[in-house]
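Biologist: I would like to go through this model with you, one question at a time. Please give the terms as we meet them.

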There are 4 protein chains.
Amino acid sequence: MNDNTADSADGLFRLLFLGDVVGEPGRKAVGLLLPVLKDELKLDFIVVNGENSAGGRGITPKIAISLMRAGAAVVTSGDHIWDQREIVPYLADEPRMLRPMNYPEGTPGSGFVVLESKKCKVAVVNLQGRTFMNQQLDNPFPAIAALVEKLREETPVIFVDFHAEATSEKVAMGWHLDGKVSAVVGTHTHVPTADERVLPKGTAFQSDAGMCGPMNSVIGSQVEPVLERFHTMMPTRFGVGSGPVRVNGALITIDPATGKALSIERVARTWHE
Amino acid sequence: MNDNTADSADGLFRLLFLGDVVGEPGRKAVGLLLPVLKDELKLDFIVVNGENSAGGRGITPKIAISLMRAGAAVVTSGDHIWDQREIVPYLADEPRMLRPMNYPEGTPGSGFVVLESKKCKVAVVNLQGRTFMNQQLDNPFPAIAALVEKLREETPVIFVDFHAEATSEKVAMGWHLDGKVSAVVGTHTHVPTADERVLPKGTAFQSDAGMCGPMNSVIGSQVEPVLERFHTMMPTRFGVGSGPVRVNGALITIDPATGKALSIERVARTWHE
Amino acid sequence: MNDNTADSADGLFRLLFLGDVVGEPGRKAVGLLLPVLKDELKLDFIVVNGENSAGGRGITPKIAISLMRAGAAVVTSGDHIWDQREIVPYLADEPRMLRPMNYPEGTPGSGFVVLESKKCKVAVVNLQGRTFMNQQLDNPFPAIAALVEKLREETPVIFVDFHAEATSEKVAMGWHLDGKVSAVVGTHTHVPTADERVLPKGTAFQSDAGMCGPMNSVIGSQVEPVLERFHTMMPTRFGVGSGPVRVNGALITIDPATGKALSIERVARTWHE
Amino acid sequence: MNDNTADSADGLFRLLFLGDVVGEPGRKAVGLLLPVLKDELKLDFIVVNGENSAGGRGITPKIAISLMRAGAAVVTSGDHIWDQREIVPYLADEPRMLRPMNYPEGTPGSGFVVLESKKCKVAVVNLQGRTFMNQQLDNPFPAIAALVEKLREETPVIFVDFHAEATSEKVAMGWHLDGKVSAVVGTHTHVPTADERVLPKGTAFQSDAGMCGPMNSVIGSQVEPVLERFHTMMPTRFGVGSGPVRVNGALITIDPATGKALSIERVARTWHE
Ligand SMILES: [Fe+2]
Ligand SMILES: [Fe+2]
Ligand SMILES: [Fe+2]
Ligand SMILES: [Fe+2]
Ligand SMILES: [Fe+2]
Ligand SMILES: [Fe+2]
Ligand SMILES: [Fe+2]
Ligand SMILES: [Fe+2]
């Protein structure tokens, strides 16, 4: 017996989402903290964005597997998904490893998955914004509307990782999906926002979950090379930062019968080696 | 007698910064709440970003004066500063109305001001980022470094409103100025971030203060026209939203002798008409 | 009797395309020169891009009508199509006034038209590029491929005005459509290119036709305000230039039976008031 | 004796400029054609833009030396200058290998050079535009004005390779420098423009010289991979095209006493292996 039984008492579905895992420091911290958080927060389901988990640039199959072993039911991604070539065949093999859904037809991989969990069926969607990013992707607004309509035939419990840069696009997406999905949580900026709330029709929203990566860094990268880059115009490669790691995410409680969110709260833990 | 005497006891300088004021709803809420906050938070100095206070687009002299009457010692701005033509001559007349400092030489107005306050001399700087914005401005990194060196001859108490889009540029600016200014607080995205902290060398930092504007909006604008815009490619004008207003800002305590920050905390109030 | 009979001798279809007409100077020159060119070049069909004909910004119904009266069978446009509001209802009424075809579904107006001419049916298509422009339009490559397939059921004589900025996108479009349409001629940069040729499978191509506008200008605008704009970062409005007008275009000869182009040559005339 | 004596008769200075050399095909064609052109066109001075000569991406010291051996007095470049790392130390050693001048202070290499020729001292400047390119470079307009003022103390014969994308910026630069330099010729788009002319105050101008590279390509790259790239959003590397090579450039005649241009004409040759 375990304390998930206690949790089952209220019958709510508790989903934890962790933002962009950055490099080895991020992987280590997530690997160690996820099992602890699962217990402490009585989690039913975990989603992790892994787009920067391979040295800050993309993700490999091996890393995706390790995130799933640590507890992630689904690994989402974003614009960095193509950085490591080995991920392309893996996307075809592992339906729980997602790429943003609004790439053109014929792109390898899938942007959503529907899974069974103890309490309900859960759909997880990965979506990418266009403003200040690759603007040539399919428009995420009609794309997600059409997909959600189909997914709701299977389950009302739908989690959307909206990987986007501009706050206007992110906030607009929250309103666009209010009442249609359980939660819209943003990723990509690597900085958590303090605007988490449940929108009027029952969708939990936060502009950005923040990253899981080294605190004393520039959104995960070593400070000095980034500062140098902002001073010169010559190409530079940034290493992943070091030191204490901040794990950022959001905990959402959802009524599994209706898919409506009851609460969303920021989750943040600092991990020192 | 008033409770500012109590405050004077610890000798710390208490500065409140409010993020982008949006339209009439934002102006009203700030006008009513600022005097209350001044008392409640025992404020020594108030800075307000007013770049969207005129119907979401820029600021007029009249509005700047009203913000100052409500308690703002300095009004900062950003990329929207040129939206209302009447502001151009006003920038020359009123040194406490700032535009971003890193415009090319010859641009009307000033990007910084040094004022006397009861506890210390205070420098306020307005700076604009380049990533995902007007990239043709002067590089803010060397520009601010040179200015800060000069300002420190007058006072170590320096507040920087860094009006920028990209989290990488904002966080990098925090590290760039750590130990050289009292605080770097971002504006422009209209969403408050949950990353406020005092950096190792004593500079308070927050990626974005958030806005003072209607909550049920897309960063200040009415939801429906913005959603329409994200679906079509035809030009649209967005009105300012309505309903309850969220006033977002940051309270920073500073040692007036050294200019070092001791704390930074998010301030948020909701105002219903 | 008229000298078109002489022309009819070789049975080829002679199409003149004129690039972006800029302001009143451009309109005047085109209005006076088109009838002359029609005779001189024994033209069967005239297409004119009018996106800058209203003071440099968009086009009005009245101006579109005047261009048609001067001889244009079809008026094409580009990114400036929405600058004048009155054009929106006109787009619905006049099938020979085109907007770029690759706007999202539901956008007013049409991006192509099929007309009867003495020698053959002619399809004219207006298409917009994405690189360095509005990248959120539908991808022009698959969009035009699907449309051309349908148009070829009606006629093999297809003219495409590809309104685009980047040479890579324009040249790629030429290869993409080689053998499928009669001609792909670019617009938007306002500078004629010297790369006109018939591609191996029979499609005439030129990266840009150039504009019909004042020579002593910056792509149609007065020199001084543009230079000022390149020096400061403050908003400026540019007036249309004055003085001698350069009318730039391309003459394409097409086999009406197969739709294949036999030749393309630059046409340029200078007009002084 | 050689036929340069004939040329010396009119005393004019004849400068040939060749646009971006692309890959091995471009290098071969230029290597074989330059000596021929030197004779045929009675050239006094040759400048070649080599920014794509190493497989389309940058230039190596070895290639720069081979271009100089073929006759180039100066090799200019552009945004691709940093693609090959070995060029960085070479920039310090070889003053006739230029990078764009408007990089921030402290950038390796130089953006101009003054050389002696038989008829006059010649200054060659490499400048980069900002619109649609790296917008964070120093503003080319004031940068070139200041440099030209200094160069004119040494010689009025000044050639400017303006490596830029937007026609507006290129044409504006022509007017900006009219009467101050001998010629402004653009590069970077790889497509020659048909707008060559001598501006009213004596500066030869052409928006773009075009490239020296394979004709049946997309601005130098193989057609198929580029078309694939325009259809999908996944990363692709483009190889250099093959087949016949087009060598594009401009021949400018200059009065060496005044620096004023008397003529500019397009030069184009097709080379088959
Ligand atoms: Fe990321
Ligand atoms: Fe990302
Ligand atoms: Fe703002
Ligand atoms: Fe702003
Ligand atoms: Fe145009
Ligand atoms: Fe255009
Ligand atoms: Fe190039
Ligand atoms: Fe280039």
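Biologist: What is the volume of the second largest pocket?

Modeller: This is a predicted model, in which local features need pLDDT of at least 70, side-chain atom pairs count only at pLDDT 80 or more, and totals for chains, interfaces and linings use all residues. Residues are numbered from 1 along each chain as its sequence is written, chains are lettered from A and ligands numbered from 1 in the order in which they are written, and side-chain values use heavy atoms, with hydrogens and water left out. A pocket is an open set of points on a 1 Å grid over the protein atoms alone, where a 1.4 Å probe fits, with protein on both sides within 12 Å along at least five of seven lines; lining residues have an atom within 4 Å of a point. Taking the volume as the space filled by probe spheres set on the points, joined across faces, edges and corners, the second largest pocket has about 640 Å³.

Biologist: Which residues that line the second largest pocket are the closest to its centre?

Modeller: The lining has 30 residues. The closest to the centre are C:Y103, C:P104, C:L137, C:D138 and C:N139.

Biologist: By what turn can chain D be laid on chain A?

Modeller: Copies are superposed by least squares on the C-alpha atoms of residues with pLDDT of at least 70 in both. The RMSD is 0.0 Å and the shift along the axis is 0.0 Å. The two copies are thus related as by a two-fold rotation axis. The turn is 180°.

Biologist: How much area do chain D and chain A bury between them?

Modeller: Buried area is the accessible area (1.4 Å probe) that two parts lose on being put together, summed over both. Of the area here, 78% is on carbon and sulfur atoms. The total is about 1,100 Å².

Biologist: Which three residues supply 53% of the area that chain D buries against chain A?

Modeller: These residues supply more than any other three. They are D:W82, D:M233 and D:M234.

Biologist: How many residue pairs are in polar contact between chain A and chain B?

Modeller: A polar contact is a pair of N or O atoms within 3.5 Å; within protein, one must be able to donate a hydrogen and the other to accept it, and residues adjacent in sequence count only if both atoms are side-chain atoms. Chain A and chain B bury about 2,900 Å² between them. With both residues at pLDDT 80 or more, the count of pairs is 12.
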